[in-house]
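Q: I would like to learn how to read a few features of a protein model. Can we take them one at a time?

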Amino acid sequence: MSKKSKLLAFPSTLSLLTALLVSINTLGQELETGGTLRSAAQAQGFLVGASAELKPLGTDPAYAQTLAREYNVLTAANAMKFEPLRPTRSRFAFADADKILDFAAAHGMKLRGHTLVWHDQLPRWLVDGNFSSDEVSAILREHIETVIGHYRGRVYAWDVVNEAIDDQGGLRQTFWSNMLGSDYIAQAFTLARAADPQATLLYNDYGGEALGVKSEAIYGLLKSLKGRGVPIDGIGLQSHFLLEQPPRMSEVAANIRRLAALGLEIQITELDVRMLMPQNEKKLEDQAQIYRAYLDACLVVANCNTFVTWGFTDKYSWIPQFFPGNGAALPFDQAYRQKPAYHALLQALNNSHRR
Ligand code: XIL
């Protein structure tokens, strides 16, 4: 062999080897993480989603593209709350929420309604209005009828009542409970059913995912509501988890099973797994394991049919502002790169056998 051909032979062997390695790697990656969350969920008849904010939807193309590519269900993170929808007692402001609805509809995504009755994000005209109980009752009725009516047939599920149980397992003392007594919960569900008989009606709360005093109280509340014939279809488990103190997944699984046994649908509605900053590879791997185990726990229960994260990119997460020193809670990083948590979710969906 001439010197020249030896020189030529080396790079060609190298490139062959490289090509082989690349193709093995690509193949491996495809098996592991092929497709999108959306296509993988669709194949399972499952809903995977995120909450969406209006502002980045209009200003940040990667935000809209990622949402539409990866998810088949959306929740408005803020636009459908009482305060933004009701600038004054007489005026309903649907424009912003409608834009989120339009985006979901344009991309063939379902939309969850969040939320009708909550103690937070209420307008001043309501809480400082010195209304009588009868007036508050009428305002609540009008709110539920008008909002659900506006979205009838377009919002398929509602978080009717949000966070009504406190962290000690008692009825949370709120504007609503103070004005209307504990029965406001049952009243809200009854009004919601009348306003849209087709919609799935959920009770939504945080901190009741694993076993304990709060999940016990929530379970008891839902059982008694069902027992009284109050029209409630499901429970939303918000799931704002901490990496350093995650719930025990065996307990979460047991809780999901007992809720399903009540005949309730289970939706994971606001998952994020925050960590003490700075982030590092180990923390991101540990976080991915929590995402994976949680999705697995949902996928194995037929009644658990929806898995929604609170946002999807660390760029716009609520965590750094509400829990200073914490962050990196979501499956996409600030530059929309897929984190280990994303790959864990995709693998869990691809490996599931729901269908
Ligand atoms: C949060 C939003 O993400 C923030 O932008 C807003 O300032 C406060 O509310 N439980 C819920 C959600 O049900 O509505 C909350 O969303 C997070 C906790």
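Q: Is Asn130 buried or exposed?

A: A residue is buried if 20 or more other C-beta atoms lie within 10 Å of its own, exposed if 12 or fewer, and partly exposed in between, with C-beta atoms placed from the backbone. Asn130 has 6 other C-beta atoms within 10 Å, so Asn130 is exposed. This is a predicted model, in which local features need pLDDT of at least 70 and side-chain atom pairs count only at pLDDT 80 or more, while totals for chains, interfaces and linings use all residues. Residues are numbered from 1 along each chain as its sequence is written.

Q: At what angle do the axes of helix α12 and helix α13 cross?

A: Two packed helices are described by the angle between their axes and the distance between the axes. Axes are lines fitted to C-alpha atoms, for helices over the stretch in contact, and angles run from 0 to 180 degrees between N-to-C directions. Here the axes of α12 (residues 249-261) and α13 (residues 281-299) cross at roughly 25 degrees and come within 10 Å. Angles under 35 degrees count as roughly parallel, over 145 as roughly antiparallel, 65 to 115 as roughly perpendicular and the rest as oblique. Therefore α12 and α13 are roughly parallel to each other.

Q: Which residues of α12 and α13 meet?

A: Two residues are in contact if their C-beta atoms, placed from the backbone, lie within 7 Å. Met249, Val252, Ala253 and Ile256 in α12 meet Ala293, Tyr294, Ala297 and Cys298 in α13. By class, this contact has eight nonpolar, no polar and no charged residues. Ala, Val, Leu, Ile, Met, Phe, Trp, Tyr, Cys and Pro count as nonpolar, Asp, Glu, Lys and Arg as charged, and the others, Gly among them, as polar.

Q: Which residues does Ile268 touch, not counting residues up to four places away in sequence?

A: Ile268 touches Leu237, Ser239, Cys298, Thr306, Phe307 and Val308. The place of Ile268 is in strand β8. Ile268 is buried, because 25 other C-beta atoms lie within 10 Å.

Q: Which residues are around the ligand?

A: A residue is near a molecule if its C-beta atom, placed from the backbone, lies within 6 Å of it. The residues around the ligand are Ala77, Asn78, Asn162, Gln238, Glu270 and Trp318. They divide into two nonpolar, three polar and one charged.

Terms used: Helices (H or I, at least four residues) and strands (E, at least two) are DSSP runs, numbered from the N terminus.
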